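Trainee: I am new to this structure. Please show me how to read its features one by one.

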Amino acid sequence: MPTERKKPEFWKMMKNFWQTTNWESNLKVPLAAIGFGLLVGGVFVLTIGKNPIDVYLAIWKAMFGSPRAFLDVIGQATPLVFTGLAVAFAFRTGMFNIGAEGQFTMGMLVAGIAGIKLHWLPGPVLMVVCLAAGTLAGGLWAAIPGWLKAKRGVHEVINSIMMNYIALYVTNTLVLSAWLRDPGYQATYEVPRKALIRNFMGTTANWGITLAVVAVIVVYFLLWRTKLGYEIRATGHNPHAAQYAGINVPKRLLGAFVVSGLLAGLGGAVQTLGVKRRVFQLFGFTGVGLDGIAVSLIGRNHPVGVALAALLYGTLYRASASIQLSTGVPKQVVGIIQACIIFFIAADEIVRYLLKRAARKGESA
Amino acid sequence: MSTPVPFVEMRGIVKRFPGVVANDNIDLDIHRGEIHALLGENGAGKSTLMNILYGLYKPDAGEIRIDGQVVHFSGPNMAIRHGIGMVHQHFMLVEPFTVAENIILGNEPRQGMKLDRRQAIAKVEELSKKYNLHVDPHARIADISVGMQQRVEILKALYRGAELLILDEPTAVLTPQEADELIVTMRQLVAAGKSIIFISHKLKEVLRSCDKVTVIRRGKKITTLPTAGASMNELAALMVGRDVQLTVSKTPATPGDPVLKVENLQALNNRGLPALRDVSFTVRAGEIVGIAGVEGNGQTELVECISGLRSATSGRIEVNGQQVANLPPRQVQEAGVAHIPQDRQKHGLVLDFTVAENIIMRKYFQPPFCQGLFIHQRVTDEYADKLVAKYDVRTPSVQTLARSLSGGNQQKVIVAREIEQNPDLLIAAQPTRGLDVGAIEFIHNQLLQQRDAGKAILLVSLELDEIMALADRILVMYEGQIVGELSDAEATEEKIGLLMVGEQRKGGDTVAN
Ligand SMILES: Nc1ncnc2c1ncn2[C@@H]1O[C@H](COP(=O)(O)OP(=O)(O)OP(=O)(O)O)[C@@H](O)[C@H]1O
Ligand SMILES: [Mg+2]
């Protein structure tokens, strides 16, 4: 009998979702922004005397050229889903987690350490322990700026940036220490094979993608179906009203920031177990956390949007690797295209204006 | 005589939003030198129509003519170029900027590349003198009163050469004194050849200050008529489509045990200066106690202290015998207190939440709304549907964002939510601000019903009419103190008015206790 009830309710939910979603700003405008970004990026390609069509083709091939290419895009996108979700989640409480980078790095490091030092654990247990350790490390790394923000009102951006640097140097110090370093490598020992996450056809794509999908769904439900999500969104939209509603605003700020760090940390752990296999010395930020900001922005801070934006970024990552070889266009062009897309997403009023003008032209023609 | 071409003509204006037709084929003529009132229920489409005239929205159909010429506005800048200025229901000023900076913003006098500050201030002072709109050009917006902020908005429009000034519910945020001053200003402006469109729910004001009135009901224009010879009852009936009882009839109260006891309460305001000095009073079950006073004499701080939003520096607050001073808002609520806050957009609503989400704002953590970790959608929606119907909130659905509701309907959401908490003590601060006459009648009756059901009600209002109509006892606040108490039988507008400006202290004493 419950199935009889479920069905109409499910349809009602879908109908509601369809009617209450603002398709204009959640779908049309971002898609148009991506289109404009590609176009304007193409103009830059023209100015260096190359054919933009070649670049577009390279991007297309990067994604659909072969099954392996496609898998590689998935592999590149996976960590970005985690850091993108992390930034988006914090953003829903009105905070800017620029520290996803450091939380991601700590996730990579601590997952690796756990794998190396607890190698005597049975495989599946070790894998879970590594994932958990990396996740917690990310959460802890976020807890510090989160606590300073909630209790002391110190702006989270400054502190998270500093935490990013600390994560970077802690990683390098430990990786190159006798405790972890594999002699002959600028990296730690390998994590035992039994704890690694299987990959697909030897590409960067791995079963970690299922965790990313689960994270997307969990974040969605957490934000829009739970009491905690209600409180987090209320705090983000209007802290005065949240306080009036009886929500403990500082506590919620801290909680949201920690959850954000947990997501980034899990992303780091998946990266170590699924792709890197060991923790390498870093010559600068990994960029995964910082690009998570762009992914979150393009995805409108919505979990589903984040997943799609991560795919876009995965494609562009991969395209930048192949573009120089196949077209002779410097790979920095992809960076320019990324920047153009972000520009148009951020300046969505311009996109709206351009769309409106296009529509008016269409009317009068 | 032949009628001259109107300054502004709106013809057949249609504007649809998802689920509503906000403007349905509306015509409106505005002549030079007239004050034209726009009347209509909450959600009738007044603000929408004005936003179209100001170029903020593009109409789905219809046209606008200025001096007989058809114009198409692509944005407010174009409307301003055609001499149309607007002061919105919710102000649009840059808080950290000074008064002068706000006025000249977007049209700055320059000296080469540099902003010519001296000339800017001189211009602002000249305008301010010319139209008798007193402002301090050097003050920051964040530091000045709402009344002065409004004068800044008006000056901003005049500075840009407005010939027609649209004022959307300007008096809703003003004290009665400030409202009187505004009306004098409006008279001066039309005498100088400007025109004004005036939106208000206060019929008395409309009759007193306007030449013509256009009534809109559910997006349709009902009629335009001269105010001379019109009566409040007639206008109310035109707006609502039925007869409205403009005065509440109330039976004498039968007060019971004290529910709220405030003793020697002291608190600071946002700037750290004493706002409450030794305030003591009681509200008993089954009575409405009204707090009258000019804005800024401690009412806001008093309400915030009782509801847990502000900490008291000393003194006691008891609800049903339980000490609640300096407890967090949730615990105050659990002690039996509901609170209609004075600023609906700051405290009362999360504008980016749906109507349903806003309606459960005080209950989302309790069953049946919250089950385990989850919020139950169906229960929430059903409860919201019930309240929306009972309180006549005009919204396409409970899934609509609060942001897209009309000002008055936003207010109804809050009032519904708080009254339905069925509290022992209801604090109602400006409960009917921005509501139409029909809604006011309904809310007043609800408050009286609550009283008769044995609830204690603390009513804070800047409207003397509202206080005198509802309160069984009236306390007057002046400079953070309660300077007088009157029973409803002895209260007159003059007596309260004198106390409000500090002319007369308790028991006729001229010295503070
Ligand atoms: N931006 C918007 N998006 C969707 N619906 C809107 C929007 N603005 C107004 N509406 C709807 O249009 C209708 C008319 O609203 P409007 O604000 O014009 O009413 P109003 O006459 O000014 O009422 P009030 O006296 O309460 O201010 C309402 O039903 C409102 O919900
Ligand atoms: Mg309005």
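Trainee: Are α4(A) and α13(A) parallel, perpendicular or oblique to each other?

Mentor: First, the ground rules. This is a predicted model, where local features need pLDDT of at least 70, side-chain atom pairs count only at pLDDT 80 or more, and totals for chains, interfaces and linings use all residues. Residues are numbered from 1 along each chain as its sequence is written, while chains are lettered from A and ligands numbered from 1 in the order in which they are written.

Mentor: Now the angle. Axes are lines fitted to C-alpha atoms, for helices over the stretch in contact, and angles run from 0 to 180 degrees between N-to-C directions. Under 35 degrees counts as roughly parallel, over 145 as roughly antiparallel, 65 to 115 as roughly perpendicular, and the rest as oblique. Helices (H or I, at least four residues) and strands (E, at least two) are DSSP runs, numbered from the N terminus. Here the axes of α4 (residues 67-92) and α13 (residues 303-327) of chain A cross at roughly 135 degrees and come within 7 Å. Therefore α4(A) and α13(A) are oblique to each other.

Trainee: Which residues make the contact of α4(A) with α13(A)?

Mentor: Two residues are in contact if their C-beta atoms, placed from the backbone, lie within 7 Å. Among them are A:Ala69, A:Leu80 and A:Ala88 of α4(A), and A:Pro303, A:Tyr313 and A:Arg318 of α13(A).

Trainee: What classes do they fall into?

Mentor: Ala, Val, Leu, Ile, Met, Phe, Trp, Tyr, Cys and Pro count as nonpolar, Asp, Glu, Lys and Arg as charged, and the others, Gly among them, as polar. This contact has 16 nonpolar, four polar and two charged residues.

Trainee: How do α9(A) and α11(A) cross?

Mentor: Their axes come within 10 Å and cross at roughly 105 degrees. That makes α9(A) roughly perpendicular to α11(A). A:Glu231, A:Ile232 and A:Thr235 in α9(A) meet residues of α11(A) including A:Val249 and A:Arg252.

Trainee: How many residues of chain B are in contact with chain A?

Mentor: 23 residues of chain B touch 17 residues of chain A. The chain B side divides into 14 nonpolar, four polar and five charged.

Trainee: Why does ligand 1 lie between domain 1 and domain 2 of chain B?

Mentor: Domain bounds come from an automatic or database domain assignment. Domain 1 (8-240) and domain 2 (258-508) of chain B both give residues to the shell around ligand 1, so the ligand lies between them.
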